[in-house]
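Please read the following dialogue with the model open beside it.

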Amino acid sequence: MDSDLNPYSPGSGRRPFELVGRSTEVNAFNLLIAKSQQRRSDRGIVLHGLRGVGKTVLLNEFRRQAERADFMTVSLEGRDAEGGPAAVRAKLARGLLQAARKANRRGITSTLREALGSIVSFSAKLGVTGIDIGVDLARGRADSGSIEVDLEEMVEDLSAAMTEQHRALIFIIDEMQDLDKALLTALLSTQHMAGQREWPFYIVGAGLPNLPSVLAEARSYAERLFNYRHIDALTHDAAVSALVAPAAKYGARYEVEARDLLLTASGGYPYFIQEYGHAAWETAPEKTITSQDAQIAVTIGRAQLDQGFFPSRWKRATKGEQEFLRLMALDGDEGSGTAQLAERGGRKQSSMTMNRASLIKKGIIYAPAHGRVAFTVPGMALYIQRQHNT
């Protein structure tokens, strides 16, 4: 079939042709927008789940909806590969300044114009200057040098203007578990204050399955701040729609056996559905995708994942960490007990602690419960068994 018409889009955060199976999350965010427009407060939203389930796609969809509602929106990722916490804070400041520049247009209220000065002050304290948004900094507001105090003051100042205009300020944060502790606690404290004082400020975040526990450790009240949503593989019906509907838009169809082969290979994970669907479209010579086409597509799609999606995690691990991952892979994706891993490797459990901690920090594994670890990426165990177990 024509490659130019291929309706599948594998890639990190790329919106699929059909965004299916996530209506409850989209509706929850729509409700947040609607309440804000009616000057009613709500909780923020936290999405948590494995990689490849579509959390970033949802965050991007939320951002589009918020911008359509003319809300002030700032996007952030919890980790910066090069600069560490300082770079993440600088990116937050730049995002705020960009949002402020968009907001400072003809006809804005004096309340909002004054509030934008707090953004300039806040950003300057984080070392970000030179971005002219058309207002001067607000001296004595959001300029103490304490990230928690300054963030609260900035949000407070903006909230009066946002309430006046039936709008809200929304921080959309991906990989939220990777934020440095001081910034994370400041964000949680500000969200807590916003809920108590009915400020139209919301954190909408996403991260790994352990994100709720990370937030609770940072602030004990975090469990009450958010509408928590566990994002998992799609249901069977949603997975069928995600695979079949895009092809149908262009007059193509799947034989039932072909469809089921691809869905089984994908495990219902949105990222994998896109990868296998893309391969099937490229493989099939006719508009009916057969089981033979699907078998070839599974081989090609898996090879593509083995060349890009999985190795990017594997190569970040040291030799000792890779050995730890090999031991984990024998248990599959269900996770491993750290005591059992030590016994399997013929080592003391204490000697594996450093590798475990480093792999968690790198986001390759996480701790679903005390004494257990699991892969953050579905299918990682099988990849290791295919490629790296000797």
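The dialogue below takes a few features in turn.

Q: What kind of model is this, and how are residues numbered?
A: This is a predicted model, in which local features need pLDDT of at least 70, side-chain atom pairs count only at pLDDT 80 or more, and totals for chains, interfaces and linings use all residues. Residues are numbered from 1 along each chain as its sequence is written, and side-chain values use heavy atoms, with hydrogens and water left out.

Q: How are two packed helices described?
A: By the angle between their axes and the distance between the axes. Here the axes of helix 9 (residues 256–266) and helix 11 (residues 291–309) come within 8 Å and cross at roughly 20°. Helices are DSSP runs of H or I with at least four residues, numbered from the N terminus. Axes are lines fitted to C-alpha atoms over the stretch in contact, with angles from 0 to 180 degrees between N-to-C directions.

Q: Which term describes how helix 9 and helix 11 lie to each other?
A: They are roughly parallel, a term for angles under 35 degrees.

Q: Which residues meet between helix 9 and helix 11?
A: Glu257, Ala258, Leu261, Leu262 and Ala265 of helix 9 meet Ser291, Ala294, Gln295, Ala297, Val298 and Arg302 of helix 11. By class, this contact has seven nonpolar, two polar and two charged residues. Ala, Val, Leu, Ile, Met, Phe, Trp, Tyr, Cys and Pro count as nonpolar, Asp, Glu, Lys and Arg as charged, and the others, Gly among them, as polar.

Q: Are Ala142 and Glu175 buried or exposed?
A: Buried means under 20% relative accessible area, with a 1.4 Å probe and protein chains only. Ala142 is buried because its relative accessibility is 0%. Glu175 is buried, with a relative accessible area of 16%.

Q: What is Asn6 in contact with, leaving aside neighbours within four places in sequence?
A: Contact means heavy atoms within 4.5 Å. Asn6 is in contact with His278, Trp281 and Glu282, its neighbours within four places in sequence left aside. Asn6 is found in the segment before helix 1 (23–37), and counts as buried at 14% relative accessibility.

Technical notes:
Helix = DSSP H or I, 4+ residues; strand = E, 2+ residues; numbered from the N terminus. Buried < 20%, exposed > 50% of the residue type's maximum accessible area, 1.4 Å probe, protein only. Parallel < 35°, antiparallel > 145°, perpendicular 65-115°, else oblique.
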